[in-house]
Amino acid sequence: MNYKTILFAFFCCLFSLNLSASTYYVATNGNDNSGNGSVGNPYKTLQHALEVAVDNDIIELRGGNYTSNEIRINQNNLTIRSYQGEWAIITAPTNVEDATSCIWYHEPEIVGGTLERLEIVGGYYYGIKFESNWDWDNTVPMAQRRGVSNVTIRNCKIHNTGRDCIKLAPAADNITIEGCEIYNSGIGPVNVADQNAEGIDCVNGDNLTVRNCYIHHTFSTGIYSKGGAINTLIENNLVSNCGEGGIMLGFYTDEEWFDTQINPN
C-alpha cells in the first residue's frame, strides 16, 4: 500500500467519524419527553442528553442554569459546551454526599472528550473528577490499571467545590486544562474535619498540561502534581491567594498510589 492510499484511507475514516457524530441541544425551557434534542426542540436536562448520546457526539447547552445531582460521563470523545454566544452554568450541591462530583468521568476506560465554555460549580467533593480503577481491587495487575485519558477542559470556570476543583485519580493521563478560571475550593462541609482542597489535584496522572489559567483563592494548593506523576507541563498561568503552595510538584503521597513499573524510582 503506497503513501497516497494510506492517506486517502485515513481521511475517509475521519470523514466517516464526522458523519456519524450527532449534536444534541439542551435548554432550560426544553422538554425531555417531547423534545428530540434539535436546536428547535431541545431536551431540558443534560442528564437526559447523556442518556441519548454515544461516542463522538456533541452536546450544546443553551444559556442558563442547570442542576447536577452528579453528572456521569461514560462516552468516548464526547464534547459538552455552551451554545455559541451563550453561557451555561452547571451546579451541584456541596452538602449532599451522593453528589460526589458536579461532573464525573467515572469509567476508567474513557478516552477523549472536551468540556468547553462551561461554568461548573459545586460537588460534595469535586467539581470535575477523572476516575481510575487503581483502588477498585488491589489484585488488579499494575499493567491493567488505567484511568480516564485524553480529555480537554477549555475556557471553563470551576469553583465553589466541596474539596478539589479538579481531581485526577492515578493513571488519569493526558489531561489538558487551558484557559480556565479555577477558584474557591474547599467550601463544603467535607473539608471541615479533614482539611485539604486543591485547585487542581493530580495524583499519579501522567502528561498533565495546565496552561493559560487563572487559579486563585484555593483552600490548599493551586496546582499539585504528585504521586509519581511524570511529564507535567505548567505554563503561562496566574496563581494567587492560595492557602498553601501556589504550584507544587512531587512530595508525599501514600505508597499505594505509585506506579512502580512506569516510574520505579
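Among contacts in the protein chain between residues at least 6 apart in sequence, what percentage join residues at least 24 apart? The figure is 69%. Contact here means heavy atoms within 4.5 Å.

This is a predicted model, where local features need pLDDT of at least 70 and side-chain atom pairs count only at pLDDT 80 or more, while totals for chains, interfaces and linings use all residues. Residues are numbered from 1 along each chain as its sequence is written, and side-chain values use heavy atoms, with hydrogens and water left out.

**The chain overall**

The protein chain holds three helices and 22 strands. Both are DSSP runs, numbered from the N terminus: helices are H or I with at least four residues, strands are E with at least two. Of the chain's 265 residues, 49% count as buried. Buried means under 20% relative accessible area, exposed means over 50%, and partly exposed lies in between (1.4 Å probe, protein chains only). The chain exposes about 12,600 Å², and carbon and sulfur atoms supply 49% of that area. Accessible areas come from the Shrake-Rupley method with a 1.4 Å probe; for residues, only the protein chains shown count as cover.

Strand 9 spans residues 118-121 and is covered on both faces. Leu118 and Ile120 are buried on one side, Glu119 and Val121 on the other. Two strands pair if DSSP finds at least two bridges between them. Strand 6 (residues 88-91) pairs with strand 9 in the parallel sense, over four bridges. Here Ala88 has Leu118 as its bridge partner. Strand 12 (residues 157-159) also runs parallel to strand 9, joined by three bridges. Glu119 has Lys157 of strand 12 as its bridge partner.

**Salt bridges**

Side chains of opposite charge can pair when their charged atoms come close. A salt bridge is a side-chain nitrogen of Lys or Arg within 4 Å of a carboxyl oxygen of Asp or Glu. The whole structure has ten of them. The table lists examples.

| Pair | N to O distance |
|---|---|
| Glu131 and Lys129 | 3.1 Å |
| Arg154 and Glu178 | 2.9 Å |
| Arg211 and Glu178 | 3.4 Å |

How buried are Glu131 and Lys129? Glu131 is buried, with a relative accessible area of 8%. Lys129 is buried as well, at 17%.

Arg154 and Glu178 meet in a salt bridge. Arg154 lies in strand 11 (residues 149-154) and Glu178 in strand 14, so the pair ties together parts 24 residues apart in sequence. Glu178 counts as buried at 16% relative accessibility, whereas Arg154 is partly exposed at 27%.

Glu178 also meets Arg211 in a salt bridge. That pair links distant parts of the chain: Arg211 is in strand 17 (residues 209-211) and Glu178 in strand 14, 33 residues apart. Arg211 is partly exposed, at 24% relative accessibility. Through shared partners, salt bridges join Glu116, Arg154, Glu178, Arg211 and Glu235 into one network.

**A buried charge without a partner**

Where does Asp173 lie? Asp173 sits in the loop between strand 13 (166-168) and strand 14 (176-178). Asp173 is buried yet has no salt bridge. The nearest side chain of opposite charge is Arg146, 9.3 Å away. Leaving aside residues up to four places away in sequence, Asp173 touches Val148, Ser149, Asn150, Asn204, Gly205 and Asp206.

Notes:
Lys, Arg positive; Asp, Glu negative; His and termini not counted.
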